[in-house]
Amino acid sequence: MKDLRKLENDRAFRISFRIKENHILLASVYENLVDRNFIHAEKDIKKLIIDLRLIIKSIQDDDF
């Protein structure tokens, strides 16, 4: 039972970590767009797209 709880806690931590990182990137995109810093905004948007695609793949593979 403890092993299952640890696995679920680890899984929740991984999800939380990735969402937090994406939230930071999204805030950066907002700031860069407001400041018309489109080069940096585009780089962060591409990072977000890549990670969101990986999240979709993880969901499909039930590997989150």
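Buried means under 20% relative accessible area, exposed means over 50%, and partly exposed is what lies in between (1.4 Å probe, protein chains only). With that in hand, take A12: its relative accessible area is 42%, so A12 is partly exposed.

A word on the ground rules. This is a predicted model, where local features need pLDDT of at least 70 and side-chain atom pairs count only at pLDDT 80 or more, while totals for chains, interfaces and linings use all residues. Residues are numbered from 1 along each chain as its sequence is written, and side-chain values use heavy atoms, with hydrogens and water left out.

**The two helices**

Helices here are DSSP runs (H or I, at least four residues), numbered from the N terminus. Helix α1 covers residues 2-34, and A12 has its place there. Helix α2 covers residues 38-60, and packs with α1 at an angle of about 155 degrees, with the axes 9 Å apart. Since angles over 145 degrees count as roughly antiparallel, that makes α1 roughly antiparallel to α2. The axes are lines fitted to C-alpha atoms over the stretch in contact, and the angles run from 0 to 180 degrees between N-to-C directions.

How does α1 pass α2, in a left-handed or a right-handed crossing? The crossing is left-handed, meaning that the near helix is turned anticlockwise from the far one by less than a right angle.

Contact means heavy atoms within 4.5 Å. On the α1 side, the contact is made by R18, N22, L25, L26, S28, V29, N32 and L33. From α2 come F38, H40, A41, D44, I45, K47, L48, D51, L52, L54, I55 and S58. Sorted by kind, the residues of this contact are 11 nonpolar, five polar and four charged. Here Ala, Val, Leu, Ile, Met, Phe, Trp, Tyr, Cys and Pro count as nonpolar, Asp, Glu, Lys and Arg as charged, and the others, Gly among them, as polar.

**Some residues of α2**

S58 sits in helix α2, and with a relative accessible area of 13% it is buried. Leaving aside residues up to four places away in sequence, S58 touches R18, D63 and F64. H40 also belongs to helix α2 and is partly exposed, at 41% relative accessible area. K47, again in helix α2, is partly exposed too, with 48%.

How far apart are some pairs, along the sequence and in space? The distances below run C-alpha to C-alpha.

| Pair | Apart in sequence | Apart in space |
|---|---|---|
| A12 and L54 | 42 residues | 17 Å |
| H40 and S28 | 12 residues | 8.6 Å |
| K47 and E8 | 39 residues | 27 Å |

**An aromatic pair**

A search of the whole structure turns up one aromatic pair. The rings of F13 and F17 have centres 6.4 Å apart and planes at 25 degrees, so the pair is stacked. Rings of Phe, Tyr and Trp (its six-membered ring) pair if their centres lie within 6.5 Å, and planes under 30 degrees apart count as stacked. F13 and F17 both lie in helix α1, four residues apart, which is about one turn of the helix. F13 counts as exposed at 57% relative accessibility, whereas F17 is partly exposed at 44%.

**The loop**

Between α1 and α2 there is a loop, and R36 lies in it. R36 is exposed, with a relative accessible area of 63%. Most residues other than glycine have a negative phi. The phi of R36, though, is near 60 degrees, a positive value in a residue other than glycine.

Technical notes
Angles under 35 degrees count as roughly parallel, over 145 as roughly antiparallel, 65 to 115 as roughly perpendicular and the rest as oblique. Rings of Phe, Tyr and Trp (its six-membered ring) pair if their centres lie within 6.5 Å; planes under 30 degrees apart count as stacked, over 60 as edge-to-face and the rest as tilted.
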